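Let's take a walk through a protein model together. Keep the picture open as you read and look for each part as it comes up.

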Amino acid sequence: MSLKCFDILQLGLEPTMQALYSSATEKDFTDYILQQNQGTISEEQRDTLEKCVHHCINANTQIEGPIDSVLTQEQWQCWEANGF
């Protein structure tokens, strides 16, 4: 979802992540977003963002059944032994 939100708000991934982690307050990050959008978020952007968030919140994210491991048994043993 975050990448779509970044697109809606005309934000590049790397600069936005840097801004997020260097912002001391929520207002600092909000100011960054507004700066990237010429000081305002358009009504169209707001509506599209709300729809995106609404869709993600209401999406069926429940996983049924067990999740297959992405690691092989050998990789898992390496992880357990070495932490990587």
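This is a predicted model: local features need pLDDT of at least 70, side-chain atom pairs count only at pLDDT 80 or more; totals for chains, interfaces and linings use all residues.

Among the residues lining it are Cys-5, Phe-6, Phe-29, Thr-30 and Leu-49. What kinds of residues make up the lining? Nine are nonpolar, one is polar and none is charged.

Now look for the largest nonpolar core. Its seven residues are Phe-6, Leu-9, Leu-11, Ala-19, Phe-29, Tyr-32 and Ile-33. The largest share of this core, three residues, comes from α3. In soluble globular proteins, nonpolar side chains tend to be buried together.

Leaving out residues up to four places away in sequence, Leu-11 touches Phe-6, Thr-16, Tyr-32, Ile-33, Gln-36 and Asn-37.

Finally, follow the backbone into the loops. Most residues other than glycine have a negative phi. Gln-10, in the loop between α1 and α2 (13-22), has a positive phi near 55°. Gln-38 also has a positive phi, near 55°, and sits in the loop between α3 and α4 (43-58). Is Gln-38 buried or exposed? Exposed means over 50% relative accessible area, and Gln-38 counts as exposed because its relative accessibility is 67%.

Notes: Residues are numbered from 1 along each chain as its sequence is written. Side-chain values use heavy atoms; hydrogens and water are left out. On a 1 Å grid over the protein atoms alone, a cavity is a set of points where a 1.4 Å probe fits but cannot get out, and a pocket is an open set with protein on both sides within 12 Å along at least five of seven lines; lining residues have an atom within 4 Å of a point. Ala, Val, Leu, Ile, Met, Phe, Trp, Tyr, Cys and Pro count as nonpolar, Asp, Glu, Lys and Arg as charged, and the others, Gly among them, as polar. A nonpolar core is a set of buried Ala, Val, Leu, Ile, Met, Phe, Trp, Tyr and Cys residues joined through side-chain atoms within 4.5 Å. Buried means under 20% relative accessible area, exposed over 50%, partly exposed in between (1.4 Å probe, protein chains only). Helices (H or I, at least four residues) and strands (E, at least two) are DSSP runs, numbered from the N terminus. Contact means heavy atoms within 4.5 Å.
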